[in-house]
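The sequence and structure are shown first, and the description follows.

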Amino acid sequence: IGSRIEMPSSLSLLSLALSVPAFALYARSDGGKVPRLNITKGGVITAGCSHAGDFAHQFHITFNSMVDGACVFSGQPYHCAVTKFPGDQLVKATNETSVPNCDGCPDGETLVYDHCKNHPQWVDVGMLPDYPRRACGQNPIKHTECIDDVKNLFDDRVYLFRPTHDRCYLEGAVANVQALYAQMLTDPESQVKFVNDQPFPHTLPTNSTPYYNHSEAAGFDGPGECLRWVFKEDKVQWAGNFKPENVFEFNQTLYMDDFGVGINEKGFIYIPDKCQQAASMSSSSSSSCNMVLLTNSCHDFSGMDIDFAKYGEANGIVILKPCVGGYVDKDRFPQAHEVQRGLLDVYGQLSDDYVFQSAPHMRFVGKILREVTGW
C-alpha cells in the first residue's frame, strides 16, 4: 500500500488505468501533471460544504465563463465576509482578529469575524450583487484576472442546502446566498433549489448520515440531490460503483505561484471509465464528460468524495479535487488563522482581492481547471 505508479504520459495514464492494481493507493501521471480530458463546455459545476461551500459559491461567480452551476451546502454570500453593511457592528483591528481586510471600514476598525454566518440579519442583500458587477471597473475594465462577466450566470443552476440544526451558518445565512442568486439569474424560481427543512447538524449529508441526535442513517443523498438538480434529473441516473483504480494523484506544485499560502502539494482527480475512453477520442460532445470541482482541505480522496465518484462512474462525471491544507507563511500572513487551520481563503486573509481570479487560492484552482479542460 502507498506505492506509486509512474506513467509516461497523460494518455498512457488513461489507457493503463484499468490495469492499476486494486491495492495501489493512487496512480500518478507523467511529471505529476493533471491529465487533459474531454470536458463538456457548460458541464462544469462546483460543490462543497462550509468553507468549501463558501469557495464553491465564490469560484462559481468569479469563473462563471467556465463554471455553469454550484451546489452550496452551508455557504455564505459572495464577498460578504469582508463587506461592511450599514447594520454591522465593528471591532478594533488587531493581529488577533481574523478579518484583516474590510471593504468600507474606517481605519483601525474591522468586522466581527463570521458576521455573515452568525449575524445574517446585518447583511443588506441588495448590496451583494454590486461587487461582482463593478469591482473590476467599468468602461474600461481596470483589473485583469478579475471576475468574469456576470451575464454568464444568467442561465446557471444552483442547489443550496442548510440543515435545520446547523449551528455554524445560522438561519438566514444561506437564504442570503439565495437572495444574491435571485438578483443575478434570469429565472431564480426555476434555477435555484434551496433545501432548508432537513434536521441534520452542520454537514453535507450522504445516505449514511443520521439526523441530528439520531444514530440511524437518514437516507438523504446530498451528492445525488445536488447532481440531479444542477445537471437536471434526466441527465443523472443513480450512482454506480466506486473504482479506486480510477483515482489519480497529481502534483499541485506545478500550479502554485506561492508556496506559503496554504496550498497542499498534491490534489486528486477521479476519472470514470467512460471519461478515460473519451479523452482518447475526438472532442465531439457525444464523447465528452461533465465535471464537479470539489476543492477542499484534503490529503486523500475519501468520505463524500467517494459518494460523488459513484455518481461520476455511472454518469460520466469527472471529480476534480484540488487541495489546500499546506504550509502558511505566518510572518507574511499573521492574521490568516483559518488558512493556517487548513481552510480555503474565503475570509480575505491572504489578500483583499481574495475573490479575484488572481487571488492565491482562486488562481491555483483556475490553473488546474484550465489544464484539465484546455479552455
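This is a predicted model: local features need pLDDT of at least 70, side-chain atom pairs count only at pLDDT 80 or more; totals for chains, interfaces and linings use all residues.

H79 lies in the loop between β4 and β5. H79 has a positive phi of about 60° although it is not a glycine. With a relative accessibility of 4%, H79 counts as buried, because the cut-off for that class is under 20% relative accessible area.

The loop between β4 (69-73) and β5 (90-92) also holds S74. S74 is not a glycine either, and its phi is positive, about 60°. The relative accessible area of S74 is 0%, so S74 is buried.

**The chain as a whole**

Eleven helices and 15 strands make up the secondary structure of the protein chain. The chain has 375 residues, of which 56% count as buried. Among contacts with a separation of 6 or more, 69% are between residues 24 or more positions apart.

**Helix α2**

Helix α2 covers residues 51-62, and its twelve residues should span 16 Å at 1.5 Å a residue; the end C-alpha atoms are 16 Å apart, which agrees. How much of α2 is buried? Twelve of its twelve residues are, so α2 is largely enclosed by the rest of the structure. The buried residues include H51, D54, H57 and H60, along with F55 and F59.

One partner of α2 is helix α11 (residues 360-373): the two axes come within 11 Å and cross at roughly 65°. That angle makes α2 roughly perpendicular to α11. The crossing of α2 and α11 is right-handed. On the α2 side the contact is formed by F55, Q58, F59 and T62, which meet H361, M362, V365, G366 and L369 of α11. By class, the residues of this contact between α2 and α11 are five nonpolar, four polar and no charged. The spacing of such contact positions can be read against helix geometry. An α-helix has 3.6 residues a turn, so residues three or four places apart point the same way.

Another partner of α2 is helix α5 (residues 173-182), with the axes of the two helices 13 Å apart and an angle of about 10° between them. This makes α2 roughly parallel to α5. Here H57, H60 and I61 of α2 are in contact with V177, L180 and Y181 of α5. The contact of α2 with α5 divides into four nonpolar, two polar and no charged residues.

**Helix α11**

At 1.5 Å a residue, the 14 residues of α11 should span 20 Å, and the end C-alpha atoms are 20 Å apart, which agrees. α11 is mostly covered, with ten of its 14 residues buried. Just after α11, G374 takes a positive phi of about 80°.

**Helices α7 and α9**

Helix α7 (residues 222-230) packs with helix α9 (residues 304-315); their axes come within 9 Å and cross at roughly 45°. The angle makes α7 oblique to α9. The crossing of α7 and α9 is right-handed. In α7 the residues P223, G224, C226, L227 and R228 meet D307, F308 and Y311 in α9. The contact of α7 with α9 has five nonpolar, one polar and two charged residues.

| Helix pair | Axis distance | Angle |
|---|---|---|
| α2 and α11 | within 11 Å | roughly 65° |
| α2 and α5 | 13 Å | about 10° |
| α7 and α9 | within 9 Å | roughly 45° |

T164 is found in the loop between β7 (157-161) and α5. Is T164 buried, exposed or partly exposed? Its relative accessible area is 36%, so T164 is partly exposed. Which residues does T164 contact, leaving aside its neighbours within four places in sequence? They are N196, D197, Q198, P199 and F200. The C-alpha atoms of T164 and Q198 are separated by 5.9 Å, while the two residues are 34 residues apart along the chain.

Key. Residues are numbered from 1 along each chain as its sequence is written. Side-chain values use heavy atoms; hydrogens and water are left out. Helices (H or I, at least four residues) and strands (E, at least two) are DSSP runs, numbered from the N terminus. The expected span of a helix is 1.5 Å times one less than its number of residues. Buried means under 20% relative accessible area, exposed over 50%, partly exposed in between (1.4 Å probe, protein chains only). Axes are lines fitted to C-alpha atoms, for helices over the stretch in contact, and angles run from 0 to 180 degrees between N-to-C directions. Angles under 35 degrees count as roughly parallel, over 145 as roughly antiparallel, 65 to 115 as roughly perpendicular and the rest as oblique. A crossing is left-handed if the near helix is turned anticlockwise from the far one by less than a right angle, and right-handed if clockwise. Contact means heavy atoms within 4.5 Å. Ala, Val, Leu, Ile, Met, Phe, Trp, Tyr, Cys and Pro count as nonpolar, Asp, Glu, Lys and Arg as charged, and the others, Gly among them, as polar.
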